[in-house]
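Good morning, and thank you for joining this group meeting. Please look at the sequence and the model as they come up on the screen.

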Amino acid sequence: PIFKSETANMSAPPAQPSQHVLDRPLRPDTGARVSLSAFSLLFSEMCSRASTVPTRVKDVTEWEDRLAALGREVGRRATPLAAVKDPFNFKQRFNTVESYLNVIADVLWVRWFGKKGRLSKERGSDRYFITDDEPLVTKYIHVPPDYLSPEGTPTINFANFVAGMIQGALDVAPFGSKVAAFHMGQDPQFPNQTLYCIQLDSLVLERERRVKP
């Protein structure tokens, strides 16, 4: 007698139609992570191209300005996306700069870099600061020898890309500002510690003074 295999009569499961990207849920990335090695490779290449495209930079300032401009576009686009994916933290209207900066340091920083930033304000001034002890963007970056001081410290700060992201996030609010990144490096435990200085436009400060009771 001929015995038929039980598996021979089993029909293959129907193929599932591929889901279009626009039909996917907005919150599938709660625990999503980006490969650090892949990010470092892409960021390093971006920094390299920023020094030569569209033309070769004349000095460090021009290079840092290009990185900040790229980061600003990222901040302008990533902030509305974060508001869509995390509406709870963006449901209220931000009437004060400090309340919005807290969202940047506590919510966006976690979304972008997996940790919180430290927000502070200079006493007697309108300047704010966000401190990052170990910036992700400078963790594995290689500084060209031409951009090292005689002491071996970098003369260029690639964290200006993140400064641009902060400025882009403030543009969305909208809170006009100027943001710059400063390498601290005074703590041996955190040699890449970076301070982001946020200087708000005079019109923003005047508007906030009118809003405050």
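Let me begin with a definition: a residue is called buried when its relative accessible area is under 20%, exposed when that area is over 50%, and partly exposed in between, using a 1.4 Å probe and protein chains only. By this rule R127 is partly exposed, with a relative accessible area of 27%.

What you see is a predicted model, in which local features need pLDDT of at least 70 and side-chain atom pairs count only at pLDDT 80 or more, while totals for chains, interfaces and linings use all residues. Residues are numbered from 1 along each chain as its sequence is written, and side-chain values use heavy atoms, with hydrogens and water left out.

Confidence comes next. The score pLDDT is the predictor's confidence in each residue, from 0 to 100. For the protein chain the mean pLDDT is 82, and 84% of its residues reach 70 or more. Helices (H or I, at least four residues) and strands (E, at least two) are DSSP runs, numbered from the N terminus. Confidence is highest in helix α4, at 95, and lowest in helix α5 (residues 202-211), at a mean of 81. Over residues 1-10 the pLDDT stays under 50, and the model has zero contacts beyond four places in sequence for them; contact here means heavy atoms within 4.5 Å.

I now turn to the sheet. In general, strands of a sheet pair through backbone hydrogen bonds, either parallel or antiparallel. Two strands count as paired if DSSP finds at least two bridges between them. In what order do the four strands of the open sheet stand? The order is β1-β2-β4-β3, with antiparallel pairing. Strands β1 (118-121) and β3 are at the edges with a single partner strand each, so one side of each has no neighbour in the sheet. Between β3 and β4 there are seven bridges, and F182 has L195 in β4 as its bridge partner. Helix α4 packs on the sheet, where it touches β2, β3 and β4, and its direction makes about 155 degrees with that of β3. Such angles run from 0 to 180 degrees between N-to-C directions, and the axes are lines fitted to C-alpha atoms, for helices over the stretch in contact. Helix α3 (residues 97-113) lies across β1, β2 (127-132) and β4, and runs at about 10 degrees to β2.

Let us move to charged side chains. A salt bridge is a side-chain nitrogen of Lys or Arg within 4 Å of a carboxyl oxygen of Asp or Glu. How many salt bridges does a search of the whole structure find? The search finds eight. In one of them, D171 pairs with R72, and their closest N and O atoms are 2.6 Å apart. D171 belongs to helix α4 (residues 160-172) and R72 to helix α2 (residues 60-85), so this pair ties together parts that are 99 residues apart in sequence. R77 and E73 form another, with closest N and O atoms 4.0 Å apart; being four residues apart in helix α2, they are separated by about one helical turn. R77 is exposed, at 63% relative accessibility, whereas E73 is partly exposed, at 34%. R72, E73, R76, R77 and D171 are linked in a network of salt bridges. R127, with which we began, forms a salt bridge with E122, at 2.9 Å between the closest N and O atoms.
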